[in-house]
Amino acid sequence: MSEAFDAIVAQEENLLCRSYSRYPLAIARGKGSRLWDVDGKEYVDLLAGIAVIGLGHCHDEVCQTLAAQSHKLWHVSNLFYQQEQLDLAKVLLSTTHHEKAFFCNSGAEANEACIKLARRYMRTVKQRDAYEIITLGNCFHGRTLGTLAATGRDSLSNGFTPLPDGFAQVPAGDLDALRAAISPKTAAVLVECVQGEGGVLPLPAAYLQGVEALCREKDILFLCDEVQAGMGRTGKFWAFQNYGLTPDAISVAKSLANGLPMGAMLATSEAARGFVAGSHATTFGGSALVSAVACKTVEIILRDHLPERAAALGAHVLEAATALQQRLPGKIREVRGLGLMIGIELMEDGTRVWKELIQRGFICNLSHGVTLRLLPPLTIAQEDLDAFLQTLEDILQGR
Ligand code: PLP
C-alpha cells in the first residue's frame, strides 16, 4: 500500500462513521470501464459501482447533459411542476407496460414506495385490510427499517430491532409454501427475478410465472424489485421481461441516473390508484438535475441497444466461464447469471482469488465469500471480459 492510500485510510478512521468495510483501494478517477487509484494504477471495472454506472464512468453525453442542466435548474422540490420529470417519465414508461412513475432517491426508497402503494391500494381501492408483504428467502430489498423487514436477514437487522410488522418470508422456488403463506391480510408479493446480493441467483421462469399466477388468483399485487437487475442489465430493459411477467409495480434505482442518486417506482394505472396527492412524498425525488441526467441515460441505453448488447456479451461470458469450469475441475462450483449480471461460484473461499484479481487490475465483487460477482458497465469491451477470464484462469492455475 502506498503513502497516498495510507493517508486516506487514516483520515477516514477519524472522520467517518464505521459502517462500511472497504476494499483495499482508493479510487481517484474513472472513464468508461476503467478506474484509476490514487497512485495512478489502472483497473478494469467489472462492478460499475454495484450495477450503477451502466454507461461507464463519465460518459461524454451524460457529462454534457449534466453540465447544461446544472446551469439551468437543479432543484425546486415537488411543490412545482417540472418538465424534466415528465421527459424522464415518458421515456422510462416507453420501456414497460407500466403507466405511472413516482421518483425518489434510492433503491430502498423505491421499494418503500412499492410497499406503501400496495398497502394503501388494498385499504383504499380494494377496501380490504390487507397489509402484509411476502418476500422470498435470500432476497435483498434495502436498509431502511421497512426494507430490512422485507429482506428478513437477521445478520443485517441485528441491533436494529424492532422492525416494522407486516412482512412474511417464504423459501424462493417453493410455490406451495407461497400458496400456504398467502392469507386475507396479504397485500403483495415482492420478488427479485435475479437475486443480486443473494449471490446472482436467477429464479426459474416457471416459478416466477407461478408466483404471478398465484398473485392474480388471490387478487393481490405482484411487485418486482428491479433495482439491481433492471435498466438493461439482464438482456431486456427489465429483468421481468425475460419471463413474460406483468408486475403491478416495480422498483428502480442504481443505474437510473448513471451514478447520480435516483430511484423510481413504476406502476400500472390501476395500482397507482393507491396514491393520491399527499399520500407519499420526498423532497429530492425527481429533481430537475437528476431527472435530466436519468432521461439522457435511458435514451442512450435505448439508442445504443445496450440490453441486446448485455444479452450477447453475457451469453459469451457464461459460455467462456463454463468452459473454464470444465477445464479446471475442482475450482469452480457454478457459473450462473443473466445478461451482464454474472456469478462465478468458487469451490474454495474466494478471498485470495478476489484480492489477486484486484492486484492484477480487475475489480469485481465477492459475494458470500465464494461468488465472484460481475456487474460491469453495459458498454464494456468484450476484450476486457476475456482478459478477466484469462486472469482468473491464471490465478486458479497458480500462474
Ligand atoms: N434492491 C436490490 C435488489 C438491491 O440490490 C439493492 C442494493 O443493492 C437495493 C434494493 C437497495 O438499494 P439502495 O442501496 O439504493 O437503497
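Author: Asn138 is placed in the loop between strand 5 (132-136) and helix 6 (145-151); helices (H or I, at least four residues) and strands (E, at least two) are DSSP runs, numbered from the N terminus. The model is a predicted one, in which local features need pLDDT of at least 70 and side-chain atom pairs count only at pLDDT 80 or more, while totals for chains, interfaces and linings use all residues. Residues are numbered from 1 along each chain as its sequence is written, and side-chain values use heavy atoms, with hydrogens and water left out.

Reader: Why is Asn138 called partly exposed?

Author: Buried means under 20% relative accessible area and exposed over 50%, with partly exposed in between (1.4 Å probe, protein chains only). Asn138 has 29% relative accessibility and therefore counts as partly exposed.

Reader: What makes the phi of Asn138 worth noting?

Author: Phi of Asn138 is near 75°, a positive value in a residue other than glycine. Most residues other than glycine have a negative phi. His368 also has a positive phi, of about 55°, although it is not a glycine. That residue, His368, lies in the loop between strand 16 (365-367) and strand 17 (371-374).

Reader: Why is His368 called exposed?

Author: The relative accessible area of His368 is 51%, so the residue is exposed. Tyr20 is likewise exposed because its value is 61%; Tyr20 lies in the loop between helix 1 (3-15) and strand 1 (27-31).

Reader: What is the form of the peptide bond from Thr161 to Pro162?

Author: That bond is cis, with omega near 5°. Most peptide bonds are trans. Pro162 is found in the loop between helix 7 (154-157) and strand 6 (167-170).

Reader: How many aromatic pairs does a search of the whole structure find?

Author: The search finds four. Rings of Phe, Tyr and Trp (its six-membered ring) pair if their centres lie within 6.5 Å; planes under 30 degrees apart count as stacked, over 60 as edge-to-face and the rest as tilted. In one of these pairs, the rings of Tyr23 and Trp354 have their centres 4.6 Å apart and their planes at 80°, so the pair is edge-to-face.

Reader: Why can the pair of Tyr23 and Trp354 be said to tie together parts of the chain?

Author: Tyr23 lies in the loop between helix 1 and strand 1, and Trp354 in helix 13 (residues 351-359), so the pair ties together parts that are 331 residues apart in sequence. Trp354 is buried because its relative accessible area is 9%, whereas Tyr23, at 26%, counts as partly exposed.

Reader: Why is the pair of Phe362 and Phe388 called edge-to-face?

Author: The ring centres of Phe362 and Phe388 are 6.2 Å apart and the planes stand at 65°, so the pair is edge-to-face. Phe362 belongs to strand 15 (residues 362-363) and Phe388 to helix 14 (residues 382-396), 26 residues apart. Phe362 and Phe388 are buried.

Reader: How do you know that Arg29 lies over the face of Trp36?

Author: A charge sits over a ring if NZ of Lys or CZ of Arg is within 6 Å of the ring centre and within 35 degrees of the ring normal. Arg29 lies over the face of Trp36, at 4.2 Å from the ring centre.

Reader: What is the distance from Asp225 to the ligand?

Author: A polar side-chain atom of Asp225 lies 2.7 Å from a nitrogen atom of the ligand; a polar contact is a pair of N or O atoms within 3.5 Å. The protein covers 81% of the 390 Å² of accessible area that the ligand has on its own, by the Shrake-Rupley method with a 1.4 Å probe.

Technical notes. Polar contact = N/O pair within 3.5 Å; in protein donor to acceptor, adjacent residues only side chain to side chain.
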